[in-house]
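I opened this entry to record what I looked up, one topic at a time. The structure comes next, then my notes.

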Amino acid sequence: MAQVHLFSKKLKPSHISHALSIPIHVLEAFPIPDGAHMMNFEAVDATDNAWRFCLSTRMTGAYPKPVLLRSSWHRFVEQKGLAPEDRVVFFMERDEANDMIWRYTVRAQRKVMILMGQDVWVDVEHLPLYGL
């Protein structure tokens with residue numbers, strides 16, 4: 001299995017209250033059927049919990065503007081206690097032998113410190129280990 005980083009996104013207030021916009025290049029990793037503008041997918045978090053998300057693109061216009069719809073994204077935000085300046089990271093795990101997507105994974109992270117000029121991010125599930 002090979003893990004491929006799809007994208008990281010530092011959250012803004014609009015991401016907390018509304019949809020999560022995602023980079024357009026990420027669409028390559030999601031097989032939206034021809035003629036469709038949305039698809040559901042599951043991503044597994046740090047505790048092996050499966051989350052169902054709905055990826056949607058614009059039906060008109062030159063730019064598809066992909067987003068995770070609030071209807072699917074907001075439950076994740078609330079359960080993880082996410083706030084502005086936290087980040088989410090999505091990965092895709094591929095079965096290289098069969099050249100197939102095996103599963104998607106998602107991490108909800110908070111910056112806990114800066115160490116030697118580098119941000120240190122921790123999965124929110126592990127914050128109690130840091131006394132946070």
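This is a predicted model: local features need pLDDT of at least 70, side-chain atom pairs count only at pLDDT 80 or more; totals for chains, interfaces and linings use all residues.

**Surface patch**

Met113, Leu115 and Met116 make a nonpolar surface patch of about 360 Å². I looked up Met113 and found it in strand E7. Its relative accessible area is 37%, so I noted Met113 as partly exposed.

**Nonpolar core**

Next I went inside. The largest nonpolar core has 30 residues. Phe41, Phe53, Trp73, Leu82 and Phe90 have the most contacts inside this core. I then asked which elements supply at least two residues each. The elements are strands E1 (2–10), E3 (38–44), E4 (50–56), E6 (87–95) and E7 (100–115), together with helix H2 (70–80).

Leaving aside neighbours within four places in sequence, Phe90 is in contact with Val4, His5, Leu6, Phe7, Leu20, Phe41, Ala43, Phe53, Leu68, Thr105 and Val106.

**His15**

Is His15 buried or exposed? I placed His15 in helix H1, residues 13–17. Its relative accessible area is 4%; the cut-off for buried is under 20%, so His15 is buried. Beyond the neighbours within four places in sequence, I listed contacts from His15 to Lys9, Lys10, Leu20, Ser21, Trp73 and Val77.

**Salt bridges**

How many salt bridges does a search of the whole structure find? The search gives nine. I looked at several in turn.

Arg52 and Glu42 pair through their side chains, at 3.7 Å from N to O. I noted Glu42 as partly exposed, at 42% relative accessibility.

Arg110 and Asp86 form another salt bridge, with the closest N and O atoms 2.8 Å apart. This pair links distant parts of the chain, 24 residues apart: Arg110 is in strand E7, and Asp86 is in the loop between H2 and E6. Arg110 is partly exposed at 27% relative accessibility, whereas Asp86 is buried at 3%.

Arg103 and Glu93 also meet in a salt bridge, at 3.1 Å from N to O. Arg103 lies in strand E7 and Glu93 in strand E6, so parts ten residues apart in sequence are tied together. Arg103 is partly exposed, with a relative accessible area of 26%. Glu93 counts as buried at 11%.

Conventions:
Residues are numbered from 1 along each chain as its sequence is written. Side-chain values use heavy atoms; hydrogens and water are left out. A nonpolar core is a set of buried Ala, Val, Leu, Ile, Met, Phe, Trp, Tyr and Cys residues joined through side-chain atoms within 4.5 Å. Buried means under 20% relative accessible area, exposed over 50%, partly exposed in between (1.4 Å probe, protein chains only). Helices (H or I, at least four residues) and strands (E, at least two) are DSSP runs, numbered from the N terminus. Contact means heavy atoms within 4.5 Å. Patches are made of residues with over 30% relative accessible area and no salt bridge: like charges are joined within 9 Å, nonpolar side chains (Val, Leu, Ile, Met, Phe, Trp, Tyr) within 5 Å. Accessible areas come from the Shrake-Rupley method with a 1.4 Å probe; for residues, only the protein chains shown count as cover. A salt bridge is a side-chain nitrogen of Lys or Arg within 4 Å of a carboxyl oxygen of Asp or Glu.
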